[in-house]
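The sequence and model are shown first.

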Amino acid sequence: ESFGHVEKEERYLFESGEPIVNQVRQEVWRNGERVWNQYTKMPIFDAFGEVTGLYGYAHDVTDKKRSEQLIWRQANYDHLTQLPNRRLLGDRWHGAWQSHLRDKKSIGLLLLDLDGFKMINDSKGHQAGEGVLISVAERLRRCTRGKDTVARLSGDEFAILATDIKVESDLDVVISKVVRQFSEPFIIDREEVVISASLGVALAPRDGSDLDSMMMYADQALHAAKRVAGTSYRKFSAELHEAVSKQFTLGNDLRYALRNREFTLNFQPIIDLETGKAVKVETLIRWHHSVRGWVSPVDFIPVAEQTGQIVQIGDWVFREAVATVARINQEKGLNIGVSVNVSPRQLQADNFDPDDWLEYMSDQGLNPELMVIEITEGLFLDPDEKVLRALDRFSSQGVRVSLDDFGTGYASISFLENFEIDVLKLDQAFVRDSERSPKRRILSEAIINMAKALEFEIVAEGIETQEQADWIKAAGCEFGQGYYFSKPLTEGRLEEYLEGL
């Protein structure tokens with residue numbers, strides 16, 4: 001197979017008189033085996049300087065060559081899925097960008113992350129999880145073009161480099177093919193399991209011109225897709241980047257907000273609908289930024305959750321709320337309760353101990369039975385043992401647990417059956433929409449009746465009119481809150497409000 005090449009090589013050596021040193025060449029033996037030999041060939045000169053012959057030697061370097069190839073493959077491919085890894089993806093990006101500079105075609109980068117993969121590992125075992133990853137890799141290979149690169153970055157995160165994108169609709173075709181791969185169930189332990197995935201997409205050169213930037217933008221789009229239920233993919237945009245930059249800035253500023261005393265608390269009264277008297281207050285945090293002015297909790301609480309700063313902020317809210325209400329009760333001779341919204345991240349924190357909060361309530365002179373911990377339904381989707389132990393500890397000491405915004409999102413009757421819940425808060429959407437939607441009103445009344453049958457306390461949120469207050473009371477709801485009764489109040493205004501009752 002290489003005879004013609006050898007003949008040309010030796011003819012060149014005769015004509016030029018230049019030696020060939022340590023040249024490595026692959027050859028095929030007669031039995032079909034491929035080997036690598038390292039050659040050195042030297043000319044033999046006569047007395048007149050003419051080449052009259054050749055001599056040389058060869059070494060079999062097959063083992064060394066195979067070792068080098070193995071090392072290269074191990075450095076550039078994922079051992080489980082046999083897909084290119086992050087390093088090789090970088091090389092492929094470089095090649096694609098060089099092609100773009102010549103023909104100006106675009107390059108798409110898709111980041112893909114499996115939803116709920118940890119649950120598969122935890123419930124089915126790591127072997128089943130690895131089987132899923134191998135299946136995902138195979139499906140992605142099948143649905144992409146030969147010139148595209150499918151890579152596994154880490155864990156359950158994959159990337160697709162889609163080259164030769166003439167118009168954006170070409171990229172849309174790739175996206176739709178990838179999305180369709182997850183419409184068919186996967187087989188795990190002979191069971192069909194539906195696995196969803198989230199995609200983040202960026203397009204070069206429109207969005208960026210280097211891989212680091214493209215990875216960052218596609219990752220931003222991926223996380224945006226994950227935040228919206230039912231969204232399988234999201235494309236990067238300038239608006240998305242601006243929102244992420246705003247979140248980053250807010251996260252940075254949050255680090256100093258506590259230290260600079262920029263947070264304050266408001267308290268919204270919760271009314272006994274039978275007597276018209278306030279029986280407790282819900283604690284609401286407010287942030288007055290030194291430059292931005294008032295920042296809505298809708299904007300900064302999710303950022304605090306993502307950065308973990310909710311742990312420190314939440315602890316401050318709890319202690320301030322307890323100290324404030326305990327002082328008012330003692331000075332006014334009242335027995336007002338206080339509810340505080342608590343994030344699962346607070347209860348999961350390594351340094352969190354429910355007994356610290358219980359001890360603080362005791363120090364401040366607040367009866368634990370006047371304390372309500374408000375949580376959301378999302379906490380029970382993937383319940384953490386540490387969180388559940390903390391809630392059990394609070395319940396054992398008389399602290400009540402309230403399920404906030406009941407009836408929206410992931411509401412499930414099983415939450416009420418399987419977990420210690422004392423209070424249901426009927427979401428304001430039910431109160432608002434029940435006046436114009438008979439079905440919504442029927443649902444509201446059904447929830448109220450169910451709560452009463454299960455001996456839960458029920459609080460209706462968002463009451464803004466006399467009519468709403470009347471039908472909520474007629475439906476059997478015990479407590480309500482909303483602008484009809486009172487807006488959230490500062491500490492001083494709360495004292496004035498309570499004096500007027």
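**Conventions**

A residue is called buried under 20% relative accessible area, exposed over 50% and partly exposed in between, with a 1.4 Å probe and protein chains only. The model is predicted, so local features need pLDDT of at least 70 and side-chain atom pairs count only at pLDDT 80 or more, while totals for chains, interfaces and linings use all residues. Residues are numbered from 1 along each chain as its sequence is written, and side-chain values use heavy atoms, without hydrogens and water.

**Overall dimensions**

The radius of gyration, taken over C-alpha atoms, is 34 Å. A compact globule of 501 residues would have a value near 23 Å, by the rule of 2.2 Å times the number of residues to the power 0.38. Along the principal axes, the C-alpha trace spans about 125 × 50 × 45 Å. Of the 501 residues, 45% are buried.

**Backbone geometry**

Most residues other than glycine have a negative phi, and most peptide bonds are trans. K104, with phi near 65°, has a positive value; this residue lies in the loop between α3 (86-103) and β4 (106-114). Helices (H or I, at least four residues) and strands (E, at least two) are DSSP runs numbered from the N terminus. K104 is exposed, at 57% relative accessibility.

R261 also has a positive phi, of about 55°, and is placed in the loop between α8 (238-257) and β11 (263-272). Its relative accessible area is 74%, so R261 counts as exposed.

The peptide bond from A204 to P205 is cis, with omega near 5°. P205 belongs to the loop between β9 (197-204) and α7 (211-227).
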